[in-house]
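This briefing is meant to be read with the sequence and the coordinates side by side.

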Amino acid sequence: AIQRQFDMACRYQQHAHKTATCLLLDEVGLAELSPEMPLKLLHSLLVNPPIALIGLSNWALDPAKMNRAIVIQRTEPSAIDIELTAQSIVRAEAQSSDVADDVGDQTNANTTTNNNNSTATATA
């Protein structure tokens, strides 16, 4: 499956002249647990690849794969970080709901106006 996706991305890149193609491997660490060892393929794909490859994982991969990549690690978020994130999500959701309510109110007002115009036109 990884090889097929890689090949598709490479073919796309050949025809997309003003585009940078990237193959995203989400939760690539889970593939490390597979008895078929699908990540062995990465050894050859990571040597001078024609497209960008990004692998996301919640844990470190084996060193043979990691030495061909840039590793970005983040520390565990603090309780304050988690609280600030939750507050931002709630605030954004509230703003999104307010916008949806405003749009709904405008739609209802336009419908009422259009209905009144239609009624006036029909009775005139």
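How many residues does helix H1 have, and what distance does it reach from its first C-alpha to its last? In this predicted model, helix H1 (residues 2-15) has 14 residues and reaches 21 Å between those two atoms, which is close to the 20 Å expected at 1.5 Å a residue.

- The buried residues of H1 are Ile 2, Phe 6, Ala 9, Cys 10 and Gln 13.
- These residues lie on the same side of H1, because they cover an arc of only 100° around the axis.
- The buried residues of H1 pack against strand S1, helix H3 (42-45) and strand S2, whereas the face turned away from the buried side carries the exposed residues Arg 4, Gln 14 and His 15.

**The strand pair**
- Strand S1 (residues 22-25) and strand S2 (residues 52-55) pair in the parallel sense over four bridges, and Leu 24 has Ile 54 in S2 as its bridge partner.
- Strand S1 has a covered face with Leu 23 and Leu 25, and an uncovered face with Cys 22 and Leu 24.

**The chain as a whole**
- The protein chain contains five helices and two strands, which follow the pattern α-β-α-α-β-α-α when read along the sequence.
- Of its 124 residues, 15% count as buried, while the chain exposes about 9800 Å², with carbon and sulfur atoms supplying 57% of that area.
- Among contacts between residues at least 6 apart in sequence, 65% join residues at least 24 apart.

How values were computed. Residues numbered from 1 in each chain as written. Predicted model: local features only at pLDDT ≥ 70, side-chain atom pairs only at ≥ 80, totals over all residues. Heavy atoms only, no water. Buried < 20%, exposed > 50% of the residue type's maximum accessible area, 1.4 Å probe, protein only. Pairing = 2+ DSSP bridges. Expected span 1.5 Å × (residues − 1). Arc of directions from axis to C-beta. Contact = heavy atoms within 4.5 Å. Areas by Shrake-Rupley, 256 points an atom, 1.4 Å probe, with all protein chains shown as cover.
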